[in-house]
2 protein chains.
Amino acid sequence: MAHSYEYPRPALAVDCVVFGFDEGDLKVLLIQRDLEPFAGKWALPGGFVRIEESLDQAALRELKEETGVGKVYLEQLYTFGEPKRDPRERVVTAAYYALVKLSDHRIKGATDARDAAWFSISDLPRVAFDHEGIIETALRRLQGKVRYEPVGFELLPPKFTLTQLQHLYETILETTLDKRNFRKKILGMNLLIETDEIEQDVAHRAARLYRFHEAKYRRLEKEGFNFEL
Amino acid sequence: MAHSYEYPRPALAVDCVVFGFDEGDLKVLLIQRDLEPFAGKWALPGGFVRIEESLDQAALRELKEETGVGKVYLEQLYTFGEPKRDPRERVVTAAYYALVKLSDHRIKGATDARDAAWFSISDLPRVAFDHEGIIETALRRLQGKVRYEPVGFELLPPKFTLTQLQHLYETILETTLDKRNFRKKILGMNLLIETDEIEQDVAHRAARLYRFHEAKYRRLEKEGFNFEL
DNA sequence: CCAAAAGTGTTTCACTTACACCCATGA
DNA sequence: TCATGGGTGTAAGTGAAACACTTTTGG
């Protein structure tokens, strides 16, 4: 193995694909760049990894700095290292994806110095660098993940209706689901806690609100239980 | 976003977990380090990423240089970036995993300057750095992958018996499978081509050899077909 | 009373699982 | 002829999929 200092080093960055879900719409958080290259263009929140911090820490820090997003589900996605992906110089980026509850973060966006905004996944603007490919990769990963792990709840408020949950799955998986079968299956897992509250301010019969029983899921998971669909 | 040259940069490496399958045993290829730190210890093949090459290229190059392994299935696994994972200085490593046909690579190992050897996954020596964790991550990934994509064939010779295939799955998934059900399922996919050859030099009835119909799989995959178990 | 979404069961079909014996071959 | 693994079918059970009407509520 060669010594590391014999060669020039690529720069190392992190970028985050932040997903939110709102009114049947899957959204991604983008920030407007204020520096070249691609100044003025939309891009994923991210930045360079500091010498003393882990990649996870770097991703969290950038997320906080650029978007105000705090407590989120965060997972490493893939590391992109094509030599020409940054026109200035060699930059390798460890991409992450995050799931946030829009109920917590609806206000954020234009809070920081930087301009940030949510875009529907089906109506993204042109983005800088290879970020379109990164977003695409993140979406595919989310589609895979949501089938066999209960990450969908990270995108919903703590209390939600079964219809909201179904719409979330339909949106992410780009499909439609049968209402009765969906409810049968999800309730059959006994991982939802029925609250005695109902949704408010709707012009029709109000649906019951449920919570996800995270602790119970963690317990079952350890015993080999598999969340599926 | 800060300019990259304001800060010291981590070094960037790649490491490969190379899997092979031999006589019912899942193996990993390790090399003996000749430099500090951990000189003399076993470690994953890998090295630093050069400034003009992609991560995939770096992984392939290191694999070739250190082990002679050429045509393989190669996929990025995860990027490990804990600040202290290398005692000398900050090194971030993009880990890959590779699947090779031991029938092609049985001879290799001690060919290069470096000492290389195959170890059973169930009987690994102590390894350098955080490589044990990387191997563990790779194994879990392989276990997940093998269920819903036909990567198992990358570990078998081009022609194989159904029993070999079953043993491969049993080994990777650490379980046992019912012979009749396994054969029914795998043959029912119509992705195996029955050759008119049989295995040689066995002290009992010789089993028929099959090939994996890769082209057909690629076609079906595009139409939405899902390989499963 | 109308519009809109909530909520609820049953039947059918496909797939998974469990299970045991005879056959072919080489030593 | 014996030991070793190769090769084969069926029945029962479980889970997925299809499917439509009544109820509640607010406007």
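By what turn and what shift along the axis can chain A be laid on chain B? The turn is 180 degrees and the shift 0.0 Å, with an RMSD of 0.1 Å; the superposition is by least squares on the C-alpha atoms of residues with pLDDT of at least 70 in both copies. The two copies are therefore related as by a two-fold rotation axis. Both copies use the same surface, since 100% of the contact residues of chain A recur in chain B, where contact means heavy atoms within 4.5 Å.

Some ground rules. This is a predicted model, in which local features need pLDDT of at least 70 and side-chain atom pairs count only at pLDDT 80 or more, while totals for chains, interfaces and linings use all residues. Residues are numbered from 1 along each chain as its sequence is written, chains are lettered from A and ligands numbered from 1 in the order in which they are written, and side-chain values use heavy atoms, leaving out hydrogens and water.

Next, strand β6 of chain A, residues 91–99. Helices (H or I, at least four residues) and strands (E, at least two) are DSSP runs, numbered from the N terminus. Nine of the nine residues of β6(A) are buried, that is, under 20% relative accessible area, with exposed over 50% and partly exposed in between (1.4 Å probe, protein chains only). A:Val91, A:Thr93, A:Ala95, A:Tyr97 and A:Leu99 point one way, and A:Val92, A:Ala94, A:Tyr96 and A:Ala98 the other.

What are the partners of β6(A)? Strands pair if DSSP finds at least two bridges between them. Strand β1(A), residues 11–22, runs parallel to β6(A) and is joined to it by nine bridges, with A:Asp15 opposite A:Ala95. Strand β5(A), residues 73–80, pairs with β6(A) in the antiparallel sense over seven bridges, and here A:Phe80 stands opposite A:Thr93.

Now the loops. In chain A, the peptide bond from A:Glu36 to A:Pro37 is cis, with omega near -5 degrees; A:Pro37 is in the loop between β2 (25–32) and β3 (42–43). In chain B, the bond from B:Glu36 to B:Pro37 is also cis, with omega near -5 degrees.

Last, two residues other than glycine with positive phi. A:Glu23 has phi near 50 degrees and is in the loop between β1 and β2 of chain A. A:Glu23 is exposed, at a relative accessible area of 74%. B:Leu229 has phi near 40 degrees and lies in the segment after α6 (214–222) of chain B. B:Leu229 counts as partly exposed, at 35% relative accessibility.
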